[in-house]
Amino acid sequence: MNAKETDGRTGRTGVAVVTGAGSGIGRAVTIELLCAGWSVALAGRRAETLEETVSRAAAGAESGGEWLAVPTDVSQPADVEALFAATVERFGRVDVLFNNAGTSGPGGVPVEELPYEAWRHVVDTNLNGAFLCAQAAYRQMKGQTPQGGRIINNGSVSAHVPRPRSVAYTATKHALTGLTKSLALDGRPYRIAVGQIDIGNAATEMTERMRTGVLQANGEIAPEPVMDVADVARTVRHMAELPLEANVQFATVLATGMPYVGRG
């Protein structure tokens, strides 16, 4: 570790693994952490998008942390194993995992028409991928010295309230909440803190359609407000930098005017 990293006890900065770091929320969180002095292992399917994330961080930071880009398909156990092995080889430990990689799958498809292959792809990425990364992080955090670390799962407001025709995405996000709770309980003896951030309408490529109109529960198509993704990134950073004696178990960050509380 270098001088600006900690030993995992103070919760200030350290070594983070961010999945889905090549775009959207993962990119914003990576940039936020790098600019704050964290060392970050970026994981994503495409090397070129990971490099673009690093370039954006470098352009906006007076001084930042070290980085390592590892092309990774989180649904593949061998890829996840290689990601964490490379991270530990480079930085010596893992203090935080932001378990962010995910896909919405084919939107707007009625449940009776959803191909099994599409269902399986969403489950493999959103749930199985999250489990594989959490498992690898848990093993590392349990065995390292000093022991412990933090896992932050990216849920969604869909972990609470679904959108119409989103059965695969919604099912995986509900399951992710169970994963978060179980990991949080099992991690207590090993100083592994586990929490979840549920995000609604952060302005990314994935949510661009919100501005023009999306299907509502009453059957209408209506535009929805969005928020700056940087506000999400700052929330993740706050969760990451807490001492391990404190944990944000669940946080919901959403565009103030989005139809969430009244959805249904």
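**Labels and their grounds**

Guide: Thr 172 is found in helix H5, which spans residues 167-187; helices (H or I, at least four residues) and strands (E, at least two) are DSSP runs, numbered from the N terminus. This is a predicted model, in which local features need pLDDT of at least 70 and side-chain atom pairs count only at pLDDT 80 or more, whereas totals for chains, interfaces and linings use all residues. Residues are numbered from 1 along each chain as its sequence is written, and side-chain values use heavy atoms, with hydrogens and water left out.

Visitor: Why is Thr 172 called buried?

Guide: Buried means under 20% relative accessible area, exposed over 50%, and partly exposed in between (1.4 Å probe, protein chains only). Thr 172 has 2% relative accessibility, and therefore counts as buried. With contact meaning heavy atoms within 4.5 Å, and not counting residues up to four places away in sequence, Thr 172 touches Val 122, Val 123, Asn 126 and Leu 127.

Visitor: What does the pLDDT say about the chain?

Guide: The pLDDT is the predictor's confidence in each residue, from 0 to 100. The chain averages 91, and 93% of the residues score at least 70. Over residues 1-11, however, the pLDDT is below 50, although this stretch has 36 contacts in the model beyond near neighbours in sequence.

Visitor: How many aromatic pairs does a search of the whole structure find, and what makes the pair of Tyr 138 and Tyr 190 edge-to-face?

Guide: The search finds one aromatic pair. Rings of Phe, Tyr and Trp (its six-membered ring) pair if their centres lie within 6.5 Å, and planes under 30 degrees apart count as stacked, over 60 as edge-to-face and the rest as tilted. The rings of Tyr 138 and Tyr 190 have their centres 6.2 Å apart and their planes at 80°, so the pair is edge-to-face. Tyr 138 lies in helix H4 (residues 116-143) and Tyr 190 in the loop between H5 and strand S6 (192-200), so the pair ties together parts that are 52 residues apart in sequence.

Visitor: Why do Tyr 138 and Tyr 190 carry the labels they do for accessibility?

Guide: Tyr 138 has 15% relative accessibility and therefore counts as buried, whereas Tyr 190, with a relative accessible area of 25%, is partly exposed.

Visitor: How do you know that S1 is largely enclosed by the rest of the structure?

Guide: Five of the five residues of S1 are buried, so the strand is largely enclosed. Val 15, Val 17 and Thr 19 point one way from S1, while Ala 16 and Val 18 point the other way. In a regular strand the side chains alternate between the two faces of the sheet.

Visitor: What makes S1 a partner of S2 and of S4?

Guide: Two strands pair if DSSP finds at least two bridges between them. S1 and S2 pair in the parallel sense over five bridges, and the bridge partner of Val 15 in S2 is Ser 39. Three bridges join S1 (residues 15-19) to S4, again in a parallel run, with Ala 16 standing opposite Val 96 in S4. Four bridges join S4 to the parallel strand S5 (residues 149-154), where Asn 99 stands opposite Asn 153.

Visitor: Which β-α-β unit do S4, H4 and S5 make?

Guide: They make a right-handed one, and S1, H1 and S2 also make a right-handed β-α-β unit. A crossover is right-handed if, with the strands pointing away from the viewer, the path from the first strand over the helix to the second runs clockwise.

Visitor: Which residues touch the most other members of the largest nonpolar core?

Guide: A nonpolar core is a set of buried Ala, Val, Leu, Ile, Met, Phe, Trp, Tyr and Cys residues joined through side-chain atoms within 4.5 Å. Of the 33 residues in the largest such core, Ile 25, Val 29, Phe 98, Ile 152, Ile 197 and Val 232 touch the most other members. The largest share, six residues, comes from H7. A second, separate core of 29 residues includes Ala 41, Val 70, Leu 179 and Ala 184.
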